[in-house]
Amino acid sequence: MPDFETVLYEIPAPGVARITQNRPEARNAQNYQLTYDLNAAFDAAAADESVKVIILAGAGPHFSAGHDLRGGGPPLSSYPTVGTWREFGKKGAEGYMAVEEEIYLGMCRRWRNIPKPTIAQVQGKCIAGGLMLAWVCDLIVASDDAMFSDPVVQMGVCGVEYFAHPWELGARKAKEMLFTADWVTAQDAYRLGMVNHVVPRDELENFTLDLAKKIAEKPSFALKLAKEAVNQTLEAQGQWQAMLAVFNLHQLAHSHNQELYGMRIDPSGIPGAVRRQ
């Protein structure tokens, strides 16, 4: 069984792999180590011919607090990068855009396109970068106390890097989430179609596993083709091209903030964003 520093990997039922973010002391905030552990775990599940369905979970009371803004740890160049941009130390926008292309947009794109059904098992808070982790999954099962938020506009940026908001919530609710930084409850997320099921917190793990086992009964190739059919439909509608365009706007916001404040986000919004967690 693969072993990772910040991720738990297990086979809870035949045909099902469960990948659990395991930084509960940090509310599963995503540092470089967690990002690359997740990537390696997804790769392991994708390569295992006995695995037909992948569950993504989070240890502790919350699914994910998003990106770990505290920094620290080894530089990005110390990790086994999977993209081709690299040159992360370049000055100006060039280096930082390469960083975000690698660890945010690129990773999410890889995970979204894993040719096996994926299910996000979400409890508690799911914030900003946590939305990206849930949204790359094919299905989302939420506990009845789950809450979703993208407070990044409050910090001077137009939204998270993997900008799926209009597809997940619809255009008007996406704008409201971004403009206000208000929480979207599990019940509202279900009503809007972002979440497949809402279940009591104490039933979340078993319900998600039962759903995964039901899916795992189907032929693996048919599952892969069904996933590809839906994903290709979204591509034909322009989803990926729109995400690329918004990623560029995201980089413009970082550059603007760097020029005004000497940092990539507006510092005046940080206290409010942190309080919301």
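Student: Which residue lies over the face of Tyr96?
Tutor: Arg264 does, 3.9 Å from the ring centre. Keep in mind that this is a predicted model.

Student: And what sits over the ring of Trp240?
Tutor: The charged end of Arg109. The distance to the ring centre is 4.0 Å.

Student: Switching to ring pairs. How many aromatic pairs are there in the whole structure?
Tutor: The search finds three. One of them is Tyr36 with Tyr79. That pair is stacked, with 5.2 Å centre to centre and 10° between the planes.

Student: Where do Tyr36 and Tyr79 sit in the chain?
Tutor: In distant parts, 43 residues apart. Tyr36 is in helix α1, residues 32-47. Tyr79 is in the loop between β3 (53-58) and α2 (93-112).

Student: Are those two tyrosines, Tyr36 and Tyr79, buried or exposed?
Tutor: Tyr36 is buried, and Tyr79 is buried as well.

Student: Which helices does the Phe42 and Trp111 pair link?
Tutor: Helix α1 holds Phe42 and helix α2 holds Trp111. They are 69 residues apart.

Student: Why does Phe42 count as buried?
Tutor: Because its relative accessibility is 2%, and the limit is under 20%. Trp111 also counts as buried, at 4%.

Student: OK, strands. Why is β4 described as largely enclosed?
Tutor: Because five of its five residues, 118-122, are buried.

Student: Which way do the β4 side chains point?
Tutor: Thr118, Ala120 and Val122 point one way. Ile119 and Gln121 point the other way. In a regular strand, side chains alternate between the two faces of the sheet.

Student: What sense does the pairing of β3 and β4 have?
Tutor: Parallel, over three bridges. Ile54 stands opposite Thr118 in β4. With α2, the strands β3 and β4 make a right-handed β-α-β unit.

Student: How many bridges join β4 and β6?
Tutor: Four, again in the parallel sense. Strand β6 covers residues 139-143.

Student: Last one. What is the bridge partner of Gln121 in β6?
Tutor: Val141.

Methods:
Residues are numbered from 1 along each chain as its sequence is written. This is a predicted model: local features need pLDDT of at least 70, side-chain atom pairs count only at pLDDT 80 or more; totals for chains, interfaces and linings use all residues. Side-chain values use heavy atoms; hydrogens and water are left out. Rings of Phe, Tyr and Trp (its six-membered ring) pair if their centres lie within 6.5 Å; planes under 30 degrees apart count as stacked, over 60 as edge-to-face and the rest as tilted. Helices (H or I, at least four residues) and strands (E, at least two) are DSSP runs, numbered from the N terminus. Buried means under 20% relative accessible area, exposed over 50%, partly exposed in between (1.4 Å probe, protein chains only). A charge sits over a ring if NZ of Lys or CZ of Arg is within 6 Å of the ring centre and within 35 degrees of the ring normal. Two strands pair if DSSP finds at least two bridges between them. A crossover is right-handed if, with the strands pointing away from the viewer, the path from the first strand over the helix to the second runs clockwise.
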